[in-house]
Amino acid sequence: MQFKCVSCGEVFWNIKRITCPYCNGLLTPVYEWRLAIREDLKGVWRFREALPRFRNTVTMGEANTPLLESSRLFKDMNVYFKDEGRNPTGSFRDRVAPLIIADALDTGARKLILASDGNMGASIAAYAARAGLKVTVYGPSLMEDAKALLIRAFGAKLILSDQSIDSLLEMVSRKTASGKTYDASSLHNPLSIEGLKTIAYEIFLELKEVPEKIFLPLGSGVTLLALYKGFRELTEAGLASRIPKLIGVEHCGSPKYSQVLKEKVEKCREPVLTGLGYSQPYIKDTVLKVIEDHGDVVVIGSSEAVKAAKILSKKEGLFVEPSSAVSLAGFFKHGEVENSVILLTGHGLKAPLLYTRPNRKRFSAPFPGITKKMILELVSNKPGLTGYEIWKHLGIDVTPQAVYQHLRDLVEMGYVEVKIEAGVKKYFARRIESLS
């Protein structure tokens, strides 16, 4: 497949990176584009004439998700929710996986690896299973249990680490540099933008016009670039009159774009919601330019996202994960705008514990991830272990220092207690009565 840099014009063949190695401009596949709905095809391939060409295709009936007009929250304001949680594995990443798997099949790849904090890993794992390809996913240790479960259920190998998602992406780049394995990471692969831009097509085709603004989660910036490209293609073809304002909603724990574009934006100390924690994405300069020309940024905190998620489920019947509900939180904070679309990227079952009222007496914060759960299960089954012994028993790619930090957190939460025996700290699971 041929790729061209939109900045310097350099052309590359079968390159697996999203930015130009010479000028860091955005790489985009070269093909003849036209918007024609293929009713004889399913899933994202309904837009096959507007996508890169592949010999092999895989689908699970993704895309064509509902665009629902708000019935209670913003009645008579023409505000719509684009619910991507209806996709096969419950997230918008299912629009990307068919293209990446198709490319892997066309290039003869038999094994894919990627760095993901959950949704992309689950999606690639599912579609690869359908195509008979092997997958290894490298993820941060705080990945939600439901996402880890999905990845493993689809037969992929999941390796959790205490490294950041940025560090894991760099590691995957090194591992795939030889070309023997296929890099399916969303931030590395230009096909991510191609798959996600179909969201723009569907919004335009259903509304039959361009919305005033679209509110979306802003992590790496890939989704924002995808929506921009989709509407730009429609505009250049004379089908749409303009590109809508794209309002990216960042988490205060990683406000990388807001800190450049806004004054006095301070980074908070809250853990960043899943999918929004990229610190320095390769496409940052390109994303900044698009936001400056066609959008804006809003910064929210975790409590605002969780509150928005609960409001959305109780007022509109839409169950989304908090990292998806940031779109609604941003809509509230930005100021409600008529004729707008709020993009909901993932189903609530991907992170259900962040929704529910805690049923533990001493537990007032969301249970944060799979590593703590593994530690808790270990000290429940083997009481009296030292911190070092717990680290050895876990057998996962996490440092002893990280294990001690997890233990301190569990002690503060009331799940674990420490006893000093012969001058040595030993850890025991606490029996905590439910609120009932």
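Let's start with Gly85, which counts as buried because its relative accessibility is 8%; buried means under 20% relative accessible area, exposed means over 50%, and partly exposed is in between, using a 1.4 Å probe and protein chains only. Before I go on, please keep in mind that this is a predicted model, where local features need pLDDT of at least 70, side-chain atom pairs count only at pLDDT 80 or more, and totals for chains, interfaces and linings use all residues. Residues are numbered from 1 along each chain as its sequence is written, and side-chain values use heavy atoms, with hydrogens and water left out.

So, back to our glycine. Where is Gly85 placed? Look in the loop between strand E5 (79-83) and helix H1 (97-106). Helices here are DSSP runs of H or I with at least four residues, strands are runs of E with at least two, and both are numbered from the N terminus. If we leave aside neighbours within four places in sequence, Gly85 is in contact with Gly90, Leu344, Gly346 and His347, where contact means heavy atoms within 4.5 Å. Now find Gly348: 263 residues separate Gly85 and Gly348 in sequence, yet from C-alpha to C-alpha they are 7.9 Å apart in space.

Here is another glycine to set beside that one. Gly195 sits in helix H5 (residues 191-196), and its relative accessible area is 0%, so Gly195 is buried. Its contacts, again leaving out neighbours within four places in sequence, are Val44, Arg95, Val96 and Leu99. Gly195 and Asn339 are 144 residues apart along the sequence, and their C-alpha atoms are 25 Å apart in space.

Next, please turn to the sheet. In what order do its strands run? The order is E8-E7-E6-E9, four strands in an open sheet with parallel pairing. Two strands pair if DSSP finds at least two bridges between them. At the edges you will find strand E8 (157-161) and strand E9 (182-183), each pairing on one side only. Strand E7 (residues 134-140) runs parallel to E8, and five bridges join the two.

In helix H4 (residues 165-175), the buried residues are Ile165, Asp166, Leu168, Leu169, Met171 and Val172. What do they pack against? The buried residues of H4 pack against strand E6 (111-115), E7, E8 and E9.

On to the cysteines. A disulfide is a covalent bond between the sulfur atoms of two cysteines. The rule used here asks for a pair of cysteine sulfur atoms within 2.5 Å, and by that rule there is one disulfide. It joins Cys252 to Cys268, with 2.1 Å from S to S. The pair links distant parts of the chain, 16 residues apart: Cys252 is in the loop between strand E11 (245-251) and helix H8 (258-261), while Cys268 is in the loop between H8 and helix H9 (284-294). Why is this disulfide called right-handed? The torsion about the S-S bond of Cys252 and Cys268 is about 70°, so the disulfide is right-handed. Cys252 counts as buried because its relative accessibility is 10%.

Cys5, on the other hand, is in no disulfide, and the nearest cysteine sulfur, that of Cys23, is 3.4 Å away. Cys5 has 3% relative accessibility and therefore counts as buried. Cys20 is in no disulfide either, with the nearest cysteine sulfur, that of Cys8, at 3.8 Å. With 2% relative accessibility, Cys20 counts as buried.

Ser254 is buried, because its relative accessibility is 8%. Not counting residues up to four places away in sequence, Ser254 touches Val272, Leu276, Gly277, Tyr278 and Ser279.

I'll finish with two backbone angles. Lys264, in the loop between H8 and H9, is a residue other than glycine with a positive phi, near 55°. Is Lys264 buried or exposed? Its relative accessibility is 85%, so Lys264 counts as exposed. Asn24 is not a glycine, but it has a positive phi of about 70°. You will find Asn24 in the loop between strand E2 (11-13) and strand E3 (27-29), and at 32% relative accessibility it counts as partly exposed.
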